[in-house]
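User: Please take a close look at one part of this model and describe it for someone who has not seen the structure before. Start with that part, and then show what surrounds it in the rest of the chain.

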Amino acid sequence: MRPQDILMPVPAGLCCKPGGFHIDPVRPVERAVITHGHSDHARSGHGAVLATQETLDMMRLRYGDNFAGRTQAIAYGEQIKLGDVSIKFHPAGHVLGSAQIAVSCRDTCIVASGDYKDAPDPTCAPFEVVRCDVFITEATFGLPVFRHGPADDEIKKLLASVALFPERAHLVGAYSLGKAQRVIALIRAAGYDAPIYLHGAMEKITRYYESRGVALGELRLVRGVKKSDLAGTITLAPPSATSDIWTRRFPDPVTAFASGWMRVRARARQRGVELPLVISDHADWDGLTATIDATGAGEIWVTHGQEDALVHWRKAKGLTARPLDLVGYGDEDEGDGMPAGEDAEA
Ligand SMILES: [Zn+2]
């Protein structure tokens with residue numbers, strides 16, 4: 001069976017005709033299979049949603065109880081038959097509950113990896129390499145210039161700055177789902193045990209992470225805390241909040257931003273970020289290319305991001321690669337090429 005007879009891009013997203021479902025549809029569909037909870041992948045209004053329990057819970061937190069007609073949870077490693085295909089979920093290492101979806105039909109296996117990273121993350125299950133015939137890869141950081149160093153080194157920079165400026169507050173912009181909790185866990189792993197403050201918009205999802213067993217130490221809401229009491233502290237906030245009037249409640253704040261985009265110094269300057277922290281929840285160029293090779297896939301389909309360089313790299317090796325013209329990803333969370341919204345997830 002040809003791979004494109006199993007999965008094909010349509011305006012609503014990636015459609016599996018023989019299985020009767022769409023993966024991460026951007027429009028309401030009868031049956032959606034969803035990789036993870038970020039809002040450009042997980043939208044409300046579908047007839048039925050199949051996803052990990054964590055992704056379903058995050059959708060419920062974000063959209064309310066009636067976000068879909070019906071829901072079904074699937075665990076990593078579990079196999080389910082849908083129509084003429086079988087699907088299996090594997091960890092994607094991107095955020096809590098994130099999954100790659102392996103779609104098998106007769107002797108052909110296609111893996112739709114959603115967003116993924118191969119770097120360690122204490123807040124979610126590690127990425128698993130799945131051997132397949134066709135690997136669908138994201139390309140958010142699909143250029144050789146994007147090489148993210150160890151996140152621990154970035155956390156050291158942050159803690160050094162906190163030690164250096166005890167009279168100032170440190171405000172760390174981080175996307176609310178995934179990045180914020182990872183940054184907190186990394187700060188704890190580096191030995192910082194003072195309370196960490198949260199912008200109110202992050203409370204629900206962060207408490208949800210804790211309820212799933214992710215230890216984050218003592219967290220306090222910044223609301224109602226006296227300005228002078230915030231000297232020498234660290235606060236996590238959505239990126240948009242770190243550049244608005246909200247920051248006036250902090251004493252002489254040092255503005256940091258945790259994102260893969262901080263690799264581009266001009267971006268940091270543009271945003272007025274004093275302390276850029278290159279911490280990404282997406283694979284960098286080395287991660288993308290190593291992962292693609294490891295899957296053993298004879299063919300790759302490249303989507304959301306910088307498709308061209310990966311397609312070219314792959315073709316230069318004499319292998320099949322093509323860009324998937326999927327639209328609608330990055331509108332809310334990720335931006336194409338650069339975060340469009342202030343809360344860009346990267
Ligand atoms: Zn994502």
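**Strand S16 and its surroundings**

Strand S16 pairs with strand S17, which covers residues 275–277, in the parallel sense over 3 bridges; two strands count as paired when DSSP finds at least two bridges between them. Strands here are DSSP runs of E with at least two residues, helices are runs of H or I with at least four, and both are numbered from the N terminus. This is a predicted model, in which local features need a pLDDT of at least 70 and side-chain atom pairs one of 80 or more, while totals for chains, interfaces and linings use all residues. Residues are numbered from 1 along each chain as its sequence is written, and side-chain values use heavy atoms, with hydrogens and water left out.

In the pairing with S17, Phe 257 has Pro 276 as its bridge partner.

How many of the residues of strand S16 are buried? For S16, which spans residues 254–258, the count is 5 of 5, so the strand is largely enclosed by the rest of the structure; buried means under 20% relative accessible area, exposed over 50%, and partly exposed in between, with a 1.4 Å probe and protein chains only. Val 254, Ala 256 and Ala 258 point one way from S16, whereas Thr 255 and Phe 257 point the other way, and the residues of both groups are buried. For the protein as a whole, 59% of its 346 residues count as buried.

Asp 252 lies in the loop between strand S15 (234–237) and S16, and its phi is near 40°, a positive value in a residue other than glycine. Most residues other than glycine have a negative phi. Another such residue is Asp 24, whose phi is positive at about 45° although it is not a glycine. Asp 24 is found in the loop between S3 and S4, and with a relative accessibility of 4% it counts as buried.

The protein has 8 helices and 19 strands, and its C-alpha trace spans about 65 × 45 × 30 Å along the principal axes. Elsewhere in the chain there is an open sheet of 6 strands in the order S1-S2-S3-S4-S5-S6, with mixed pairing. Strand S1 (8–10) and strand S6 (68–73) form its edges, and each has a single partner strand, so one side of each is left without a neighbour in the sheet.

The hairpin of S2 and S3 has 4 residues between its strands, and in it Gly 20 takes a positive phi near 70°.

The model also holds a zinc ion, whose protein donors, lying 2.2 Å from it, are His 36 (NE2), His 38 (ND1), His 94 (NE2) and Asp 115 (OD). Donors are N, O and S atoms within 2.8 Å of the metal (3.2 Å for Na, K and Ca), and sites may look incomplete since water is not among the atoms. Along the chain these donors follow the spacing H-x1-H-x55-H-x20-D. His 36, in the loop between strand S4 (31–33) and strand S5 (46–51), and Asp 115, in the loop between strand S10 (108–112) and strand S11 (134–139), are 79 residues apart, and the pair links distant parts of the chain. Both His 36 and Asp 115 are buried.
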